[in-house]
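Open the model in your viewer and keep the selection panel at hand.

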Amino acid sequence: MKLSAGKVKQLSRRLSSRFIPGGLILMYHRITAARPDPWGCCVSPQHFAEQLEVLRRKFQPVPLREITEAVAGEKPSLLSRRPVAVTFDDGYADNLHAARPLLERFEIPATVFVVSDNVGSGREFWSDEMERLLLQPGSLPSQLRLGINGQKFEWNLGESASYSASAFERDQKWRAVQGTDPTPRHRLCRELYRLLQPLEAGAREQALAELRAQAGSSAAVRETHRFLTADELHLLAADPLIEIGGHTATHPLLSRLASARQRDEIIQGRLALERILERPVTSFAYPYGDHDDESPALVREAGFTLACTTRRGVVRPEADQFTLPRVEVRDWNGREFAAWLAHWLYD
């Protein structure tokens, strides 16, 4: 029987996982049942507990730093035991209030990469605010006009200018990566993400302010979507299971920035966290997993000892400690999570 290219790739991965030592770094963002979740960043507390139970029962959960020590040859035997490290990006408050109690229950360590300007900011992440303004029930102007980075854009929402509670419930499972849109609001959400993501924070905020004004809304912060305060970050960092890592100052696409601006984002993010925590911050994750050829050297020069990307893959011996691969976890139950992990690490 002839195997498809996909099946051959899957079989090759399983064989590699069985015979070649390696570890896995898991990437989470939020532990919450809040919906909608257009960006696929939320794992419910129930599913997170089931996933941690799988990790505890079938694999070897370890601090992120132990995987990098194994890569560097300090603990070479660890990779043969299929270690798994848990990481979170951005610094949402639910990392403390929902994730930490479950990590403690299963005694599983984690690294939380925090965007320093988000701490106690009193605002939502820009993509969360887009979801609040565009995908919640209510009314918007039938035509929206925005100036973005010196260009003018216009969208006609038609009948979806009015979005009912029943339509909101109907569209709960929509994800931006699907490429199909149940309403013009959803198409606008996808298009705005593409337009706003490359911008620096100031230009993006200007566009969002225009959107708020036309939507007749303020810069409200939902309890379910807020970031950690400085006191909460202190509390999270005090847990012996938790390490705090850097994630830049404002979460830009680093590859879009000149070297000097990259350096500022990386260093200022670290210094701000160290001022709050009064301890060194030595782990880093690239925002959106994005970097250019210069970024790893800039991260190393800033005093970090490792850096995670979002490039999917298993951490193999002698991997580059400043471009470590990670795999993103979705809102799977324990059975689905175990089956997914089996594609990466032979258990």
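## Guided tour

Start with a cartoon of the whole protein. This is a predicted model. Colour by secondary structure: there are 12 helices and 14 strands.

Switch to the C-alpha trace. Along the principal axes of the protein, the trace spans about 60 × 55 × 40 Å. The radius of gyration is 21 Å, which agrees with the value near 20 Å that a compact globule of 347 residues would have.

Next, look at contacts. Take those between residues at least 6 apart in sequence: 70% of them join residues at least 24 apart.

Now go inside. Of the 347 residues, 53% count as buried. Nonpolar side chains in soluble globular proteins tend to be buried together.

Select Leu26, Tyr28, Phe48, Leu55, Phe88, Ile244 and Phe337. These residues have the most contacts inside the largest nonpolar core, a set of 55 residues. Then select residues 94–106. This is helix H4, and its 6 residues are the largest share of that core.

Move to Trp39, Ala176, Leu196 and Phe227. They are among the 28 residues of a second, separate core.

Finish with the surface. The protein exposes about 15,400 Å², and carbon and sulfur atoms supply 50% of that area. Last, colour by charge. There are 45 positive and 45 negative charges, and their mean positions are 6 Å apart.

Methods. Residues numbered from 1 in each chain as written. Predicted model: local features only at pLDDT ≥ 70, side-chain atom pairs only at ≥ 80, totals over all residues. Heavy atoms only, no water. Core = buried A, V, L, I, M, F, W, Y, C linked by side-chain atoms within 4.5 Å. Buried < 20%, exposed > 50% of the residue type's maximum accessible area, 1.4 Å probe, protein only. Helix = DSSP H or I, 4+ residues; strand = E, 2+ residues; numbered from the N terminus. Rg over C-alpha atoms; globule rule 2.2 N^0.38 Å. Contact = heavy atoms within 4.5 Å. Areas by Shrake-Rupley, 256 points an atom, 1.4 Å probe, with all protein chains shown as cover. Lys, Arg positive; Asp, Glu negative; His and termini not counted. Charge placed at Lys NZ, Arg CZ, Asp CG, Glu CD.
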